[in-house]
Amino acid sequence: MKDLNLKKIIEELVNTFLYAGQISLDLRNKGLIKKIKSDNTPVSNGDLEVNEIITNKIKQITPEIPIISEETSDNKSKKNLKDFWLVDPIDGTYDYINNLEEFTINAGLILDNRPAAGLINAPAKKRMFYSFGSNDAYEFTDNNTIKLECSKNFDKDSIKFVSYSDQIKPEIEKFHKELNVKKFVRMKSSLKFCVIAAGEFDGYVA
């Protein structure tokens with residue numbers, strides 16, 4: 001898809017993501033309404049409200065691009081889409097519904113089957129990340145915008161990784177030993193990729 005101003009699109013969405021993040025916290029403070037979906041995973045009214053806020057704004061900005069969202073069935077049955085938005089309104093629902101901080105609000109723009117731009121907001125952490133291309137990744141926090149250089153000189157004696165679990169699998173532990181990882185911290189949501197980009201951690205083995 002040609003002639004898209006990715007910078008303009010993403011910057012128009014930043015405030016929407018910040019607003020959706022505040023709504024997610026407000027709803028949690030009031031007390032969430034929780035359900036179990038058919039796939040046995042939890043969902044709350046917060047997930048659904050955030051999904052509506054984000055998808056409505058995306059439709060307004062890029063009405064020609066389909067949206068695939070975890071919380072709505074629209075377009076999920078469509079195959080061979082090359083250009084689409086992929087939305088996960090709350091990644092880390094367990095953390096969200098249990099008053100923890102690492103949940104995130106997410107949207108990624110896929111163009112010609114490749115990631116082109118995206119946004120990740122961690123509202124409880126007050127950290128908003130977004131990117132609209134190579135060497136164009138940013139964090140917005142404390143009313144300041146910081147460009148992420150996405151590069152770091154490794155200190156081989158203090159390599160820190162993030163991990164999906166406190167108890168890592170043997171095959172991942174093997175990688176950690178080979179890479180001389182000295183410390184790892186559990187982080188389930190997409191926040192783990194952001195803290196790596198920000199240079200706070202050195203890597204993640206899936």
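The model is a predicted one, in which local features need pLDDT of at least 70, side-chain atom pairs count only at pLDDT 80 or more, and totals for chains, interfaces and linings use all residues. Residues are numbered from 1 along each chain as its sequence is written, and side-chain values use heavy atoms, with hydrogens and water left out.

**The largest pocket**

- Rolling a probe the size of a water molecule over the atoms shows where empty space is left.
- Here a pocket is an open set of points on a 1 Å grid over the protein atoms alone, where a 1.4 Å probe fits, with protein on both sides within 12 Å along at least five of seven lines.
- The largest pocket is lined by 22 residues, and Ala117, Gly118, Leu119, Ile120 and Ser131 are the closest to its centre. A lining residue has an atom within 4 Å of a point.
- Two or more lining residues come from each of strand E5 (104-111), strand E6 (114-122), strand E7 (127-131), strand E8 (137-141) and helix H5 (191-197). Helices (H or I, at least four residues) and strands (E, at least two) are DSSP runs, numbered from the N terminus.
- What is the lining made of: nonpolar, polar or charged residues? The lining divides into 17 nonpolar, 5 polar and no charged residues. Ala, Val, Leu, Ile, Met, Phe, Trp, Tyr, Cys and Pro count as nonpolar, Asp, Glu, Lys and Arg as charged, and the others, Gly among them, as polar.

**A parallel sheet of three strands**

- An open sheet with parallel pairing is formed by 3 strands in the order E11-E10-E12. Strand E11 (181-186) and strand E12 (203-204) are its edges, each pairing on one side only.
- Two strands pair if DSSP finds at least two bridges between them.
- Strand E10 (residues 159-163) is joined to E11 by 5 bridges, and E10 pairs with E12 over 2 bridges.
- Val162 has a partner in each neighbouring strand: Val185 in E11 and Tyr204 in E12.
- Is E10 enclosed or open to the outside? Because 4 of its 5 residues are buried, E10 is largely enclosed by the rest of the structure. Buried means under 20% relative accessible area, exposed over 50%, and partly exposed in between (1.4 Å probe, protein chains only).
- From E10 the chain crosses through helix H4 (residues 170-178) to E11, in a right-handed β-α-β crossover. Right-handed means that, with the strands pointing away from the viewer, the path from the first strand over the helix to the second runs clockwise.

**Turns with a positive phi**

- Most residues other than glycine have a negative phi, and most peptide bonds are trans.
- E8 and strand E9 (residues 144-147) pair in the antiparallel sense over 4 bridges, with Thr141 opposite Asn144.
- The hairpin of E8 and E9 has 2 residues between the strands, and there Asp142 takes a positive phi near 55°. Asp142 is exposed, with a relative accessible area of 63%.
- Asn113, in the loop between E5 and E6, also has a positive phi, near 70°.

**Ser69 and its polar partners**

- Ser69 is found in strand E3 (residues 67-69) and counts as buried, at 1% relative accessibility.
- The side chain of Ser69 makes a polar contact with the side chain of Asn51 (2.5 Å). A polar contact is a pair of N or O atoms within 3.5 Å; within protein, one must be able to donate a hydrogen and the other to accept it, and residues adjacent in sequence count only if both atoms are side-chain atoms.
- A polar atom of the Ser69 side chain also lies 3.2 Å from the backbone nitrogen of Glu71.

- Gly21, in helix H1, is buried at 0% relative accessibility. Gly21 and Val50 are 29 residues apart in sequence and 7.6 Å apart in space, C-alpha to C-alpha.
- Leu4, in the segment before helix H1 (6-30), is partly exposed at 21% relative accessibility. Leu4 and Thr62 are 58 residues apart in sequence and 9.2 Å apart in space, C-alpha to C-alpha.
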